[in-house]
Amino acid sequence: MENEFVANWEAQVKKGILSFIVLNIIKQSPCYGYELMDKIQKLSFYIVAEGTLYPLLDRLKREKLLVSKWVHQPTGLPRKYYYITELGSATLLKMNEHWHSLACAVDNLLAKDIKHGN
Amino acid sequence: METDSTIEIESIEGRKVLDQYLRSFDTAVRTLPQSMRQELRAEIISHISESMALSDKETEFDRLLDALERLGNPEKYMSPMIADYQVEFATSTFKPLDLLRAIGRNIGAGILRTVVYSIFFILYLTLFAFVFLFFAKIFAPGNTGVFYYNNEFRAIGMLSDPGKYTEKLGLLWYPLMIVSSVAEYFLITLLMKVTRKRRN
């Protein structure tokens, strides 16, 4: 029961910050879908169905935070690369600020908890 | 935009499995505009190709199965996007049928969506109640309207037997029903827009 609660909580947290993670990865370097999924999974963000990434990318595009472009490859099929827009970068800057202040507040709370010997 | 990507699969059974998967993908996205469908299909095919190329499975068939299994069921993973698109479409066209389709698509696409869009469905039914009452006044004028008894309000709508109640609104009933249904239609559309924005 306890493990199930933790697993659900973890899934909710990951789901909630997936767009934040996606934007940060693409900000570092433009990615195509499969590459992006691979980078997300390397951060221990296991995605149950990889297909769920595409509706998310579409939503970020419709919000004008990302743009995409098909790039032909010398071998294999073309890849659709995603790039962050100016609006995306500005939005991500705000998201990162929120994340840092939230992380700081939670860290402080946990530090107090350790001090009290729990 | 790339629209004609294909994966070369050697085995017949592999081709069958891929065709079946792509057919179920096409079915899942059938309500989207063609350009969007083609773009998504090409992207999914590209994903399958990349996934197979990097797979550690031995045979081509196993690599394909592994790639498709990891992608998931298109009907499931595309569902939130289709539901969102239909709301966006319905709230921009202002067509009642599109609105009803959007409500139907969102009911069943997750618990929260089901609850919210069930409320929209009830609102939608009340909208039809206004339309029904408009016509009811034509066919049963004495039974439809705003009813009073001894100058006290008693009922609004349609009564099977008004008895001693007096209907007070008369012909004003018609504009009241028209204004109410139009206002409710815009209210539903506006609430759907707000709900979609908030979810994003």
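Two strands pair if DSSP finds at least two bridges between them. Helices (H or I, at least four residues) and strands (E, at least two) are DSSP runs, numbered from the N terminus. On those terms, Cys31(A) stands opposite Tyr82(A) in β3(A).

This is a predicted model, in which local features need pLDDT of at least 70 and side-chain atom pairs count only at pLDDT 80 or more, while totals for chains, interfaces and linings use all residues. Residues are numbered from 1 along each chain as its sequence is written, chains are lettered from A and ligands numbered from 1 in the order in which they are written, and side-chain values use heavy atoms, with hydrogens and water left out.

**Sheet of chain A**
- Three strands of chain A make an open, antiparallel sheet, ordered β1-β3-β2.
- β1 (31–32) and β2 (66–71) of chain A are the edge strands; each has a single partner strand, so one side of each lacks a neighbour in the sheet.
- Two bridges join β1(A) to β3(A) (residues 79–84) in the antiparallel sense.
- Helix α3(A) (residues 53–62) packs on the sheet and touches β2 and β3 of chain A. Contact means heavy atoms within 4.5 Å.
- The direction of α3(A) makes about 120° with that of β2(A). Axes are lines fitted to C-alpha atoms, for helices over the stretch in contact, and angles run from 0 to 180 degrees between N-to-C directions.

**Nonpolar cores**
- A nonpolar core is a set of buried Ala, Val, Leu, Ile, Met, Phe, Trp, Tyr and Cys residues joined through side-chain atoms within 4.5 Å. Buried means under 20% relative accessible area, exposed over 50%, partly exposed in between (1.4 Å probe, protein chains only).
- The largest core has 51 residues. Those touching the most other members are Val22(A), Leu36(A), Ile40(A), Leu53(A), Leu57(A) and Ile48(B).
- Helix α1(A) (residues 2–28) gives this core its largest share, eight residues.
- Leaving out residues up to four places away in sequence, Val22(A) touches Leu36(A), Ile40(A), Leu53(A), Leu56(A), Leu57(A) and Leu60(A).
- Another core, of twelve residues, lies apart from it; among them are Ala90(B), Ile103(B), Phe120(B) and Tyr124(B).

**Helices of chain B**
- Helix α2(B) (residues 34–53) has 20 residues and reaches 29 Å from first C-alpha to last, close to the expected 28 Å. The expected span is 1.5 Å times one less than the number of residues.
- Of the 20 residues of α2(B), 14 are buried, so the helix is largely enclosed by the rest of the structure.
- In helix α6(B) (residues 96–106), the buried residues are Asp98(B), Leu99(B), Ala102(B), Ile103(B), Arg105(B) and Asn106(B).
- They span an arc of only 165° around the axis, which puts them on the same side of α6(B). The arc is that of the directions from the helix axis to the C-beta atoms.
- Gly108(B) follows α6(B), with a positive phi near 105°.

**Met158(B)**
- Met158(B) is in strand β2(B) (residues 152–158). Its relative accessible area is 40%, so it is partly exposed.
- Not counting residues up to four places away in sequence, Met158(B) touches Phe132(B), Leu133(B), Ala136(B), Ala140(B), Asn143(B) and Thr144(B).

**Loop residues with positive phi**
- Lys64(A) is not a glycine, yet has a positive phi of about 65°. Lys64(A) is in the loop between α3 and β2 of chain A and is exposed at 57% relative accessibility.
- Asn150(B), also not a glycine, has a positive phi of about 50°. Asn150(B) lies between β1 (144–149) and β2 of chain B and is exposed at 64% relative accessibility.
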